[in-house]
Amino acid sequence: LTMLRLCRFSFRKTRAWAFSPTRLLSSSGEPSGHEQSLYPGSKSRFSADIAQCRPLTSDGDGGVSLYRVMDRLGQLLNPEQDLNLSEETLLKMHKTMMLLNTADKILYDAQRQGRISFYMTSFGEEATHIGSASALNSNDLVYAQYREAGVLLWRGYTLDEMMNQCYGNHLDPAKGRQMPVHYGSKELNYHTISSPLATQMPQAPGAAYALKRAQAGACVICYFGDGAASEGDAHAAMNFAATLDCPVIFFCRNNGYAISTPTEDQYRGDGIVARGPGYGIDSVRVDGNDVLAVYDVVRAAREICVKMNKPVLIEAMTYRVGHHSTSDDSSAYRSIDEVSYWDREDHPISRFAHYLKQRGFWDEKKEADLRKECQERVLEAFQGA
């Protein structure tokens, strides 16, 4: 975890110690100005310097750094850093991101044509899905928000199952009782999605606590967005997870706009990661458009959860290229030029393709062939539904 040290907050549990007024005295027996507080809610020391008594703020250009493995051109920042991922795994990452992107395009158009009632794309956020899913074990439980379809695809959810759910036909396990994109799979340990924001967050530490008691050797990952972090359930979830030592990963996709509210109107602090210290939760911020960096931090977070029975908060900084949903028009709150920059200059799929080409695993012909294959597979499942 040393590579993440600059990007994370770390907390060590302090052993409970017996009440001892002698701790207030200096070596001479006189009261000390810097003695340790005996207040039960804090183990801090007193100070006469008010500057030392303020928590971290995000004035200016400071704040918690973002951990990344490669830049937007796919170049490794540290060539000696090897995540030891096989060529097979790396190619599966790219192919699954491409498949998700293709399914999103076709189903988005299907909604616009009136074929399905609703849809939500994951344009620009594919690396948060695949990077995190690939670092988990199949027995780890997933509590998703609603923009994590790539996690299901990685675990083996078929395109037919995806189409059946979005159409709500007789092959849909919920028989059309759920809105489109509200997936669920008991076989893949993916809890069914609920529309109201953040309802999954308090449930996740409860499930994680059960796993801990059962000594299952597994953890829970709970996905949520920057908007959901403003809900009261987010506070309750993190506080329960910290105080009960639950093996749960809180994975925040901070895409900048929630449903339609820019982050500058959501909070004044340094994002979501800065809230972790208040709960006593190990926290890290990662470049959410870097699939390798996401994989690395989730792998490390899972190890903390399973081996130490502690929660971890991950804030993945990314950008939602698409509208929030088919009910949204994002041009009302952001410029087309801004969206175009992220789509053309720093898209997670193109960044990873650059990396694969540099490794000798990919080329333009393979890319074209994959696009055609994904199109055919999605359309086949689409027509079947």
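Helix H1 passes helix H4 in a right-handed crossing, where right-handed means that the near helix is turned clockwise from the far one by less than a right angle, and left-handed that it is turned anticlockwise. Helices are DSSP runs of H or I with at least four residues and strands are runs of E with at least two, numbered from the N terminus. The model is predicted: local features need pLDDT of at least 70 and side-chain atom pairs count only at pLDDT 80 or more, while totals for chains, interfaces and linings use all residues. Residues are numbered from 1 along each chain as its sequence is written, and side-chain values use heavy atoms, with hydrogens and water left out.

Two packed helices are described by the angle between their axes and the distance between the axes. The axes of H1 (residues 87-112) and H4 (residues 159-167) come within 12 Å and cross at roughly 30°. Axes are lines fitted to C-alpha atoms, for helices over the stretch in contact, and angles run from 0 to 180 degrees between N-to-C directions. H1 is therefore roughly parallel to H4; angles under 35 degrees count as roughly parallel, over 145 as roughly antiparallel, 65 to 115 as roughly perpendicular and the rest as oblique. Leu99, Ala103 and Leu107 of H1 make the contact with Leu159, Met162, Met163 and Cys166 of H4, contact being heavy atoms within 4.5 Å.

H1 also packs against helix H8 (residues 291-308), at an angle of about 115° and with the axes 12 Å apart. That makes H1 roughly perpendicular to H8. This crossing of H1 and H8 is right-handed. Here Leu90, Met93 and Met97 of H1 touch Val291, Leu292 and Tyr295 of H8.

Helix H5 (residues 200-214) and H6 pack at about 15°, their axes 7 Å apart, so H5 is roughly parallel to H6. The crossing of H5 past H6 is left-handed. Met201, Pro202 and Pro205 in H5 meet Asp233, Ala234, Ala237, Met238 and Ala241 in H6.

Phe240 lies in H6 (residues 232-243). With Tyr209 and Leu244, Phe240 makes a nonpolar surface patch of about 270 Å². Patches are made of residues with over 30% relative accessible area and no salt bridge, like charges being joined within 9 Å and nonpolar side chains (Val, Leu, Ile, Met, Phe, Trp, Tyr) within 5 Å. Accessible areas come from the Shrake-Rupley method with a 1.4 Å probe, and for residues only the protein chains shown count as cover.

The structure holds 17 salt bridges, each a side-chain nitrogen of Lys or Arg within 4 Å of a carboxyl oxygen of Asp or Glu. One of them joins Arg72 to Glu345, with the closest N and O atoms 3.6 Å apart.
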